[in-house]
Amino acid sequence: MNVFSVEKIAKRYGPRQLFTDVSFGLEKGQKTAIVARNGTGKSTLLKCIAGVEKPDSGIVTFNKGIRVGYLDQNVVMDSSRSVVDEMLDRDDPVSAAIKAYEHAMAQHADERLMHAAVERMEELKAWDHEARVKALAHRFGLRDLEQPVNTLSGGQQKRLAMAKVLIDAPDVLILDEPTNHLDLNMIEQLEEELNTPGMTLLLVTHDRYFLDNVCDEIIEMEFGKFTRYKGNYTWYLEKKAAADEVREATQQHLRGLMKRELEWVRKMPRARGTKSKSRLDKFEEIKADATRRFDRDEVKLEVKTDRLGGKVIEARNLTKAFGSKDKPESYKPIVAHFSYSLKRGDRIGIVGPNGIGKSTFIELLLGRMKPDQGTVSIGDTVVLGTFGQLMPAFKEDQRIVEAVRDIAEVIPLNKGKTLTASQLLERFLFDKEQQYQQISTLSGGERRRLYLCTVLMKNPNVLILDEPTNDLDIPTLNALEDFLLDLDICQLIVSHDRFFMDKLCTKLLVFQGEGVIKEWVGSYTELREMQKAESGRLKAESATRTTKTASQSLAVTSAAEITKKKLTYAEKLELQRIDKEMPKLEARKEELLAIMAAGGTDHHKMMEHSIELEKATKELDRMMDRWLELSERAG
């Protein structure tokens, strides 16, 4: 069943015609990605389909009753309201009732207010929706529904935006760069969410593993045409290569035919009959097809790197934490007693969940933040280049070429070669006409490309790349990867792009929490395989422990061992009880989430499940803290 159709839509942005005469449709359950270069209008096309913007011409038609969810590429939330208020940001009685109930629960309201909130939930039969809100929040790692939105990290805000889109169980999801700012674990979880059968999906993303794992169709916008490829990203690459070969062969044939026809045109007398006129018209058609350009302009990256000495960046006993140990609830260690020496030729990836301190770690290495203990020293020959998540504040009314000339008029390359600012911009796919447009006309991806240009033109020999893949198109990513592979300099890379990390990094610094950073020699995919195997092993061991009786557990540890490990007999019993109860509580929590997500249960039961889930989550957090304390003392 066709869920929506796009008919001959077109859109112009300022002096640029983004797309014209675009027509296609999606069937129920189809998962389609649009692939194109930056600046071709992918994001604008999604906005036109979602109804956020109006096309200049053409129509978009959705089947009657179809619910549409849209996720914008740029998620910026600066409100001081709570997570639950943001998730239910709509003017309807059910949402208002759920917000009042959640606030009453979180603030331990008096019995009168609590009763009124429950009565309103009963009256509106809002328990199913409340259960879905809570289940989505937990699934996307949003534990504190009362947390102010403006205190969330970029990744947490993206997760909140995704949860908000999914609340109403839309029939069609339109997602613009959904993996930007998400950590690797959350990307893998999102893949599972979007692979739900029957969900119709239209998205734009540069994440090539994500395209492979989620999409069953790729639509390519290139040379002014829409070409559809049935299959995932790998299939698309294979079929595209075959199509390119056919097109090149056809071009060769047409060029030969044009050459023969051109000889006929030159030999023909001036007075031509009707047949000659028809053949001449046909020649013009052949000429147009034979001379049509299908060359793909590629980003050409080249820099001159100064010699890098033996000393690059050295960290000794580096320690940094936020908060105070006297207040454990606010104390957050970022790095603890970390020593490491970066060397020339290193390509090191930094991985870990959002909010664990990767960007803070970079700030410490660059000397922009002072550590609590330890030192960071940078070699005398180091020329740093930093390509960060946040772009510099370009002047919106400034011409593109002027932004580059402000840094340098002439850029030195290897072997004595030089480039002017205009020539350098051409290598980054800004043609001479576009160079004199204002920066305000650039798309998000084009701005990232301009930012990359300004970083590399400084000829760094140490590159710090913090989420470099965000908003860059796939051709630019391929060019950047090949360029970085050929550079004999030191590179430190923070990225959630698994393909990018696998291709570039020879080792990883893995943030494990509580200030612990471990080195992993190998790719990210190999690390994940090891982590999944370890997780499976721990779950199996935990399940085995739950079958043991208290007497068997007691027999394992003698009184002498208890004394040696500095645990009292009562504490040893407590540790055994926690080992036994935590897996059961985890299982009950997962069961409650599944029940609430399914909905349809008696409303009183749903309220009971919601309260039980709150208690189970808090009890698990308490037990985990206690388990860590006792285990550390036990060695």
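Predicted model: local features only at pLDDT ≥ 70, side-chain atom pairs only at ≥ 80, totals over all residues.
Glu 217 belongs to strand 8 (residues 217-222) and Lys 230 to strand 9 (residues 225-230), so the bridge ties together parts that are 13 residues apart in sequence.

## A buried pair between helices

Now for Glu 102 and Lys 134, which form a salt bridge with their closest N and O atoms 3.3 Å apart. This one links distant parts of the chain: Glu 102 is in helix 3 (residues 93-106), Lys 134 is in helix 5 (residues 127-139), and 32 residues separate them.

Here both ends are tucked away. Glu 102 has a relative accessible area of 5%, which means buried, since the cut-off is under 20%. Lys 134 is buried too, at 2%.

## One turn along helix 18

Arg 537 and Glu 534 meet through their side chains in a salt bridge, 2.4 Å from N to O. Both lie in helix 18 (residues 524-547), three residues apart, or about one turn of the helix.

As for accessibility, Arg 537 comes out as partly exposed at 37%, and Glu 534 is partly exposed as well, at 32%.

## The wider picture

How many salt bridges turn up across the whole structure? The search finds 37. Some charged residues join up in a network: Arg 208, Glu 481, Asp 482, Asp 497 and Lys 503 are linked by salt bridges.

Key. Residues numbered from 1 in each chain as written. Heavy atoms only, no water. Salt bridge = Lys/Arg side-chain N within 4 Å of Asp/Glu carboxyl O. Helix = DSSP H or I, 4+ residues; strand = E, 2+ residues; numbered from the N terminus. Buried < 20%, exposed > 50% of the residue type's maximum accessible area, 1.4 Å probe, protein only.
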